[in-house]
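Please look at the charged side chains in the structure shown below.

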Amino acid sequence: QVRLIESGGGVARPGGSLRLSCVVSGRTYTNYHMAWFRQAPGKEREFVSAVTWKGSVRYYADSVKGRFNISRGNAANMMHLQMNNVKPEDTAIYYCGAAEFGELRSASAYRIWGQGIQVTVSS
């Protein structure tokens, strides 16, 4: 059973930094494109950032461009989101997703999801 395990997150002050990580756990020979989506209370799940399986192409939502950086880890099954200069509006539950193909900015492309991890930005 392939599962996505998220780590990192927590509480940060405005202007601070957080680093989220996601690991593909389980036996698989599939090379997944991976992404982060987030959902705040009362809002729909929104795209944050995505990266192709080779790490060659990266996508960012306009709201995080210039502040967040997505990357693959040393191993192909690892992915990280470096969140810099965080803002209160970044507060949400962040979900890691894995996709084989599709429009990577759309949640519909992702077949596997992590359980979500809380990010809170507050002074």
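Arg 67 and Asp 90 are both buried in this predicted model, each falling under the 20% relative accessible area that marks burial. Between Arg 67 and Asp 90 there is a salt bridge, with 2.8 Å separating the closest N and O atoms. Arg 67 sits in the loop between strand S6 (58-60) and strand S7 (68-72), while Asp 90 belongs to the loop between strand S8 (78-83) and strand S9 (92-99), so this pair ties together parts that are 23 residues apart in sequence.

In total, the structure contains 4 salt bridges.

What is the burial state of Arg 38? Arg 38 has a relative accessible area of 5% and is therefore buried.

Which residues are linked with Arg 38 in a network of salt bridges? The network includes Glu 46, Arg 67 and Asp 90 along with Arg 38.

Glu 103 is partly exposed, its relative accessible area being 43%. Arg 105 is likewise partly exposed, with a relative accessibility of 44%.

As background, side chains that carry opposite charge can pair when their charged atoms come close.

Methods
Residues are numbered from 1 along each chain as its sequence is written. This is a predicted model: local features need pLDDT of at least 70, side-chain atom pairs count only at pLDDT 80 or more; totals for chains, interfaces and linings use all residues. Side-chain values use heavy atoms; hydrogens and water are left out. A salt bridge is a side-chain nitrogen of Lys or Arg within 4 Å of a carboxyl oxygen of Asp or Glu. Buried means under 20% relative accessible area, exposed over 50%, partly exposed in between (1.4 Å probe, protein chains only). Helices (H or I, at least four residues) and strands (E, at least two) are DSSP runs, numbered from the N terminus.
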